[in-house]
Amino acid sequence: MFLKLLLTALVIAGALLTLRMRSQRNMRQYTSSAPVLNAPLDKQRQSRRRMTQFLAAGAVFLMLAGAGLYLYHQWSDAYQVVTVRVIDTRSTQATSYQAYKGDIDGRTFITTDGRTVTLAEVERLEIGPE
């Protein structure tokens, strides 16, 4: 959760920095009355701009790679087969089922062979590795 907030703050800060740099550049163009050719300054501006573009592309690549890894992890975790034990608390009788981890939703789950199981109020659910 903290990383989501940090990433959002960094994106906002980057956008504000970009807008500030553009407005300063526009103000310099309007305030200069005589054109002055400074080759070293132009090269410095171009290298700065190129570096900014490179950093922006790197940040986008890192965000896309992170999102891809997160989605892959969620997908692989959801398709992990687990053993679900349903225990009746009155008679202590236990029944075991195999289900995908992503198919377990509260008191209802779908087994690997397609059966939908809904627990009663007196039943308890235990999830363990296969």
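Mean pLDDT for the protein chain is 86, and 91% of its residues reach 70 or more. pLDDT is the predictor's confidence in each residue, from 0 to 100. Confidence is lowest in helix α1, residues 2-31, at a mean of 82. It is highest in strand β3, residues 108-111, at 94.

Some ground rules. This is a predicted model, so local features need pLDDT of at least 70 and side-chain atom pairs count only at pLDDT 80 or more, while totals for chains, interfaces and linings use all residues. Residues are numbered from 1 along each chain as its sequence is written, and side-chain values use heavy atoms, with hydrogens and water left out. Helices (H or I, at least four residues) and strands (E, at least two) are DSSP runs, numbered from the N terminus.

Now the sheet. Five strands make an open sheet, in the order β4-β3-β2-β1-β5. The pairing is antiparallel. Two strands pair if DSSP finds at least two bridges between them. Which strands stand at the edges? β4 (116-118) and β5 (123-129) do, each with a single partner strand, so one side of each is left without a neighbour in the sheet. From one strand to the next, the twist averages 45 degrees. Axes here are lines fitted to C-alpha atoms, for helices over the stretch in contact, and angles run from 0 to 180 degrees between N-to-C directions.

Next, β1. This strand covers residues 81-88 and pairs with β5 over seven bridges, antiparallel. Is β1 mostly covered or mostly open? Mostly covered: six of its eight residues are buried. Buried means under 20% relative accessible area, exposed over 50%, partly exposed in between (1.4 Å probe, protein chains only).

On to the aromatics. Rings of Phe, Tyr and Trp (its six-membered ring) pair if their centres lie within 6.5 Å; planes under 30 degrees apart count as stacked, over 60 as edge-to-face and the rest as tilted. The count by this rule is four aromatic pairs. Take Y79 and Y100: edge-to-face, 5.9 Å centre to centre, 65 degrees between the planes. Y79 lies in the loop between α2 (39-78) and β1, and Y100 lies in strand β2, so the pair ties together parts 21 residues apart in sequence. Y79 counts as exposed, at 52% relative accessibility. Y100 counts as partly exposed, at 29%.

A second pair is Y97 with F109, edge-to-face, 5.6 Å centre to centre and 65 degrees between the planes. Y97 lies in strand β2 and F109 in strand β3, so this pair ties together parts 12 residues apart in sequence. Both Y97 and F109 are buried. There is a cluster too: Y72, W75, Y79 and Y100 form one aromatic cluster.

Last stop, T111. T111 lies in strand β3. T111 is buried, with a relative accessible area of 5%. What does T111 touch? Leaving out residues up to four places away in sequence, T111 touches Y97, Q98, A99 and V117. Contact means heavy atoms within 4.5 Å.
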